[in-house]
Amino acid sequence: MKVLFAGGGTGGHINPALAIAGYLKEKEPDTEILYIGAAGGMEERLVPAAGYPFRSIRISGFQRKLTVKNIARNVRTVARVFTSSAHAKQILREFQPDICVGTGGYVSGPVIREAIRLGIPAVIHEQNAFPGVTNKMLSKHANRTMLAVEDAQKHLDASAHCVLTGNPVRQEVIRADRAKARAKLGLDSRPMILSFGGSLGARTINEACADLIAADAKSGRYQHIHGYGQYGKWFPDLLREKGVDPDACPGVTVKEYITDIPDCLAAADLVICRAGAITLSEIQAQGRASILIPSPNVAENHQYHNAMALVRRGAAELLEEKDLTGESLIQRVEELFRDPAKLRSLSENAKKTAILDANERIYQVIREVLAEG
């Protein structure tokens with residue numbers, strides 16, 4: 001079987017593609033994989049590092065804010081629409097895949113569109129509760145549109161052939177054990193709060209969490225692990241200004257990146273974070289209560305829709321960034337820990353919404369489409 005993947009721009013589009021590719025190789029080791037991504041995108045680094053052949057095409061998105069500089073960028077984007085389609089067609093004819101899998105981002109548009117024009121079976125995967133522009137367009141013609149969240153279907157054309165598959169979740173996350181994780185992290189019996197704002201960091205989350213950590217430092221009611229991100233290197237100094245030495249405060253761990261997220265999620269009693277699709281799928285897999293603070297700076301405000309898909313099912317709490325302060329976060333955390341039944345309900349409902357066999361579901365969709373010829 002020869003499978004071509006297309007997707008990029010963010011880890012939320014790249015990582016699901018890599019997870020699917022890895023599972024295909026497990027099920028059918030002789031599967032040939034080729035990944036097409038955007039020139040200059042992070043996929044140019046991540047895909048070869050994962051061991052898969054990579055080809056790039058030049059593609060960019062339209063800028064919505066009209067400035068002189070953005071108008072020039074949009075003119076360039078129009079030109080790239082034609083050149084990227086021609087380049088995609090050339091790669092497709094050279095590789096001759098049995099099926100193409102698109103996971104979103106600008107780059108998947110010309111690739112999957114050309115595959116459909118050439119009569120090559122094509123499926124797409126939508127990670128978010130509110131579909132991106134590219135997947136909305138492609139869903140009208142793709143053989144299958146695989147959804148991580150059933151709420152996404154109402155935003156798609158009625159002609160889309162939708163299948164609920166979930167988001168691929170790493171096995172390390174699914175298998176992580178709470179007792180073992182807490183022992184490994186050196187935690188005691190007190191509740192543990194895990195907070196982060198993504199790999200780059202989020203200033204508002206960092207500032208509010210600094211207040212939360214400082215407020216609890218005296219009582220020591222909670223243990224806290226916080227990831228402040230690449231742009232939050234000032235966070236430890238902010239804590240010191242608030243009277244907390246992160247290097248000498250028992251039960252408080254702050255670091256730039258949380259590299260052991262499977263253990264941290266398994267050990268946590270409450271998670272405070274953004275509402276990226278893969279992050280939420282991992283929280284669901286571990287069945288963790290969460291306070292979600294969607295980023296307002298993403299396309300179509302899709303993180304808000306992701307968060308609301310859980311909130312409506314009683315599986316998470318929402319705290320919008322416009323309402324986020326140290327005081328509001330402290331109040332929300334204290335309310336939850338004063339109500340163990342509510343905290344337990346959030347955890348149980350999060351677990352109920354988890355789809356743990358997403359890779360197998362996606363594999364079966366691919367096999368089904370191939371069987372249709």
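A pocket, as the word is used here, is an open set of grid points with protein on both sides within 12 Å along at least five of seven lines, and its volume is the space filled by probe spheres set on those points. In this predicted model, the second largest pocket has a volume of about 320 Å³.

The lining of the second largest pocket comprises 22 residues, and those lying nearest its centre are Ala-148, Val-149, Gln-284, Thr-353 and Ile-355. By class, 12 of the lining residues are nonpolar, seven are polar and three are charged. Two helices, α11 (277-286) and α12 (302-311), each supply at least two residues of this lining, and α11 gives the most, with five residues.

For residues 193-361, UniProt lists "domain: Glycosyl transferase family 28 C-terminal" in an unreviewed entry. Over that range the chain is 47% helix and 13% strand, with its end C-alpha atoms 33 Å apart.

The cysteines can be considered next. The structure holds zero disulfides, and Cys-264 is accordingly in none, the nearest cysteine sulfur, that of Cys-273, being 13 Å away.

| Residue | Relative accessibility | Class |
|---|---|---|
| Cys-264 | 0% | buried |
| Cys-273 | 0% | buried |

Conventions
Residues numbered from 1 in each chain as written. Predicted model: local features only at pLDDT ≥ 70, side-chain atom pairs only at ≥ 80, totals over all residues. Heavy atoms only, no water. UniProt positions renumbered as here; feature names shortened; annotations may be inferred. Helix = DSSP H or I, 4+ residues; strand = E, 2+ residues; numbered from the N terminus. Disulfide = S-S within 2.5 Å. Buried < 20%, exposed > 50% of the residue type's maximum accessible area, 1.4 Å probe, protein only. 1 Å grid on protein atoms, 1.4 Å probe; cavity = no way out; pocket = protein on both sides within 12 Å on 5 of 7 lines; lining within 4 Å. Nonpolar A, V, L, I, M, F, W, Y, C, P; charged D, E, K, R; others polar.
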